[in-house]
Amino acid sequence: MTAQSEVPMTELEDKGHWLRKFRKAKNANTLQLMVSNAIDRHHQETSVAAAIYLAECQRERELEQGRLLDR
């Protein structure tokens, strides 16, 4: 958890930050666990929760299209 607290708030509010993390998920179950964990940590910051949600939606679309690469 200490590594997460060192990330600046501006980066946490960036969808790209979360998308890079979520691209490590190779299936929908892993993605759901990663998103749940992120929301548990950041549920009080609305802008961070919004970035997490947007990144989750994009990653779900990528998984549906078969994009599995961690880019």
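A nonpolar core is a set of buried Ala, Val, Leu, Ile, Met, Phe, Trp, Tyr and Cys residues joined through side-chain atoms within 4.5 Å, where buried means under 20% relative accessible area with a 1.4 Å probe, counting protein chains only. The model shown is predicted: local features need pLDDT of at least 70, side-chain atom pairs count only at pLDDT 80 or more, and totals for chains, interfaces and linings use all residues. Residues are numbered from 1 along each chain as its sequence is written, and side-chain values use heavy atoms, leaving out hydrogens and water.

**View 1. The largest nonpolar core has 14 residues.** W18, F22, L31 and I52 have the most contacts inside this core. Two or more residues come from each of α3 (15–22), α4 (28–42) and α5 (46–65); helices are DSSP runs of H or I, at least four residues, numbered from the N terminus. Helix α5 gives the largest share, 5 residues.

**View 2. W18 and F22 form an aromatic pair.** W18 and F22 are separated by about one helical turn because they are 4 residues apart in helix α3. W18 is buried at 2% relative accessible area, and F22 is buried at 1%.

**View 3. E56 of helix α5 is buried yet has no salt bridge.** A salt bridge is a side-chain nitrogen of Lys or Arg within 4 Å of a carboxyl oxygen of Asp or Glu. The nearest side chain of opposite charge, R61, is 10 Å away (Lys and Arg count as positive, Asp and Glu as negative; His and the chain ends are not counted). Leaving aside residues up to four places away in sequence, E56 touches F22, L31, Q32 and V35, contact being heavy atoms within 4.5 Å.

Notes. Buried means under 20% relative accessible area, exposed over 50%, partly exposed in between (1.4 Å probe, protein chains only). Rings of Phe, Tyr and Trp (its six-membered ring) pair if their centres lie within 6.5 Å; planes under 30 degrees apart count as stacked, over 60 as edge-to-face and the rest as tilted.
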